[in-house]
Amino acid sequence: MSVIESESSVGKDVPVGVQVNTLEGTTDLGHVPESRRMRVKQVVKSLGSKEAWFGDYDYASLFIPNVPFLSKKRELPFYGVHDKLPYMLMIILGLQHALAMVGGLVTPPLLLAGPAGANLGTAAQQYLVSACLIWCAFGTAVQVSRMRLGKTKYFIGTGLISVTGTSFAFTNVALSYLAQSYANGTCSMSADGKTKLPCPDEFGAILGTATMTGVFAIALAFVPPRTIRKLFPPLITGTMLVFIGAALVKSGVTNWAGGSGSCATDHTLMCSGPNPQYWGSGAYLGLGFSCFAVIVILEIFGSAFMKSASVFIGLVTGLIIAAATGYFNGSVISSAPAGTFLWLKTWPLHIRGQLVLPMIAAWAVIVAETIGNVTASADVSRMEISGETFMQRVQGGMLADSISATLAGLATVPPLTTFSQNSGVIALTRNASRSSGYMCAVILFLMGIIGKFGAIFVAAPSSTIGGFTTFLFGAVAVSGVRVLAYAKWTRRDRFIATTCFALGLASLCVPNWFSYIFTYKGSNAGLNGLIQAVILIVEEPYLIAALVGVALNATLPDEPEDEKPEGEAEGRDWNEPPTLVGPLPTQAQEIKV
């Protein structure tokens, strides 16, 4: 018999024949269970500790602006996925992630509920912005967590800083469908035919159809990611993203010039709002340019914090200028509720057959985007990007995205997707700790339930919104170009890309080129719905490009990669654009501050 005692028992009398082992020299006792009460006590106790709040982090490195040629190099410490952060750093980095995504998050609800979409009115816009913030907070918390589904091999969530925001792919489909609905009389216009009247039924149809077709995305989440990448390789996904961004730029520029109301088509009318001007006037263009210019300036001179929040800071700058010059609608904020939550406004959910195929294509974009975004997040977080664990993270990310996006319609908001810009925040700040991801979700939730916060975006003039959204939509297109860089670019790939771009550009440049091919004017609702669906697919650039690209990718045989000419590396270096301020830092390099 062997008894393990503490070291203090050595030298005491023990029964004959009993061997005494001590813990002397033992350093690894394995996992020591810790009760939940003990953990709570430790957290409460740490709240009074200066070390727990601030640690020894160099906070100045996040906020000191970058001055070319004069800035010094400071190396930021790297925080891994499971590392604990000082409370103050956790709050700052969580806010940084929230500000990096909030501009892109609020753009779809502003467009869909505004004059460019269903024209639901100011109150509905305020609610929809707040509701999207709240639901995206829930979606982000699920993604940052990583939970196994029972005893299966499947997970939900990535266990990384993967934040969710409203999807631009669905926004594109919804805006095209609403424009079609106003054109064919499904949504009503004013008596003079120039002003869109509210169209809540078709907005509800968008939410209802998205919820119904979301079952397709949930099913895709259980398909091996490698299989999905074969169906939607970088060549197809990149092309779709390019056209999504390019098509949305039109909405951004239209708002930049004064909005999409009747003044956009009849230039003898002044645009509505405080201090009205004619569409395209210098005042409107100047307001939008103030946002755009600040974003560019911050990228050159801004600190790490400023760069990641440049879009939001640009928006705030535009709002301040608009308020100082009389273009900001302060009455919208004063009339907004102090607090809000989901389901305070609802729309009747419907299903439209003509939306099914376009939305299935949009779901495919979301799933394909998630694979790429999770890979980028894992890479900058210094986690493995191959093997079984990585594939489980990707699968968990796809499932979390699909479920939260599918249920979004029941929560009265458009579908969500994983945002990519937060991978850049991780690389810039060298922080991959999930603590900041949870804090980001908390901050998004607080932004959502505070009704006055959502009202700020609605009170802003259209030109201010257009200035920063044009930059965001350009970023979407550039992300597609970046994905295209991963294609092999064999003759086969070039042929597929040429075909996709030819038809996509045709629909982008001449949006109504396919509207007159069908001459049926009967009352058959099913046939009319089918005709509308075909027209919507062909005239939506990324949909027709995706349809043709997937078909050609599945049928054309593979070809060997073209032989790389001798000296290609030297040629690439020779054509590398020079920079006056040195190379940009990566996640493994020092950050200039």
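These entries record what I looked up on helix α6 and the cysteines.

The model is predicted, so I took local features only at pLDDT of at least 70 and side-chain atom pairs only at pLDDT 80 or more, while totals for chains, interfaces and linings use all residues. Residues are numbered from 1 along each chain as its sequence is written, and side-chain values use heavy atoms, with hydrogens and water left out.

**Helix α6**

I took helices as DSSP runs of H or I with at least four residues, numbered from the N terminus. Helix α6 covers residues 168-184. I found that 13 of the 17 residues of α6 are buried, meaning under 20% relative accessible area with a 1.4 Å probe and protein chains only; exposed is over 50%, and partly exposed is in between. After α6 comes Gly-185, with a positive phi near 90°.

**Disulfides**

I counted a disulfide where two cysteine sulfur atoms lie within 2.5 Å. The count is two.

I looked up Cys-187 and Cys-199, and their sulfur atoms are 1.9 Å apart. Both cysteines sit in the loop between α6 and α7 (200-220), so the bond ties together parts 12 residues apart in sequence. Cys-187 and Cys-199 are both buried.

Cys-263 is joined to Cys-271, S to S 2.1 Å. The torsion here is about 95°, so this disulfide is right-handed. Cys-263 and Cys-271 are both buried.

**Other cysteines**

I noted Cys-132 as buried, at 0% relative accessibility. Cys-509, at 60%, is exposed.

Terms used
Helices (H or I, at least four residues) and strands (E, at least two) are DSSP runs, numbered from the N terminus. The expected span of a helix is 1.5 Å times one less than its number of residues.
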